[in-house]
Amino acid sequence: MNSIKCVNCGLSNFSSDLECRRCHKLLYRPTDRIASNKPPRRNALISLLIFAALAGGGYYIYLGLAQSVNQVSSTDLKRVAAQPANQPDAGLSRAEADRQKSQRVGNFVGISPGLNAHTNRTQQTQQTIEQLTNSNAR
Ligand SMILES: [Zn+2]
């Protein structure tokens, strides 16, 4: 049952035989083709696909980065150019504008009533302590 017909002379050989018993031609099995030819070709195709995907992905990431860098620099220039001249931070660099903005926020926090009351109380306490220490020293 497990026999291979020789393609050269037509003799049926045992499936364990490598060559024909009569003409000594190499016997080809259907499994030989699958084992030796197909997988390497598929592996090469898969690695080619993976390489293409990696290269494409890398190029896509590079394009995205370059585009976003261009966008950031151009929008920062546009932002400065689009500001009206009467605005306090017109024509300033982004860092300077941010610094002045945070300073304004800091001023606002400084004049908030809760902080003012706290500062007043601290000053009063310090004045009282000073008065006490002065009167003790006299
Ligand atoms: Zn043969």
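Modeller: Along the sequence, the elements run β-β-α-α-α-α. That makes two strands and four helices. Bear in mind that the model is predicted. Its mean pLDDT is 79, and 77% of the residues score at least 70. Where pLDDT is low, the predicted coordinates should not be read in detail.

Now the residue: Leu 27. Leu 27 sits in the loop that links strand 2 (12–14) to helix 1 (30–36).

Is Leu 27 buried or exposed? Leu 27 counts as buried because 21 C-beta neighbours lie inside 10 Å; the threshold is 20 or more. Across the protein, 2% of the 138 residues count as buried.

Next, the contacts. Leaving out residues up to four places away in sequence, Leu 27 touches Ile 4, Cys 6, Asn 13, Asp 17, Leu 18, Glu 19 and Cys 20. Phe 14 is 13 residues from Leu 27 in sequence, and their C-alpha atoms are 10.0 Å apart.

Last, the wider contact pattern. Among contacts with a separation of 6 or more, 2% join residues 24 or more positions apart.

Conventions: Residues numbered from 1 in each chain as written. Predicted model: local features only at pLDDT ≥ 70, side-chain atom pairs only at ≥ 80, totals over all residues. Buried ≥ 20, exposed ≤ 12 C-beta atoms within 10 Å, placed from the backbone. Contact = placed C-beta atoms within 7 Å. pLDDT = per-residue confidence, 0-100.
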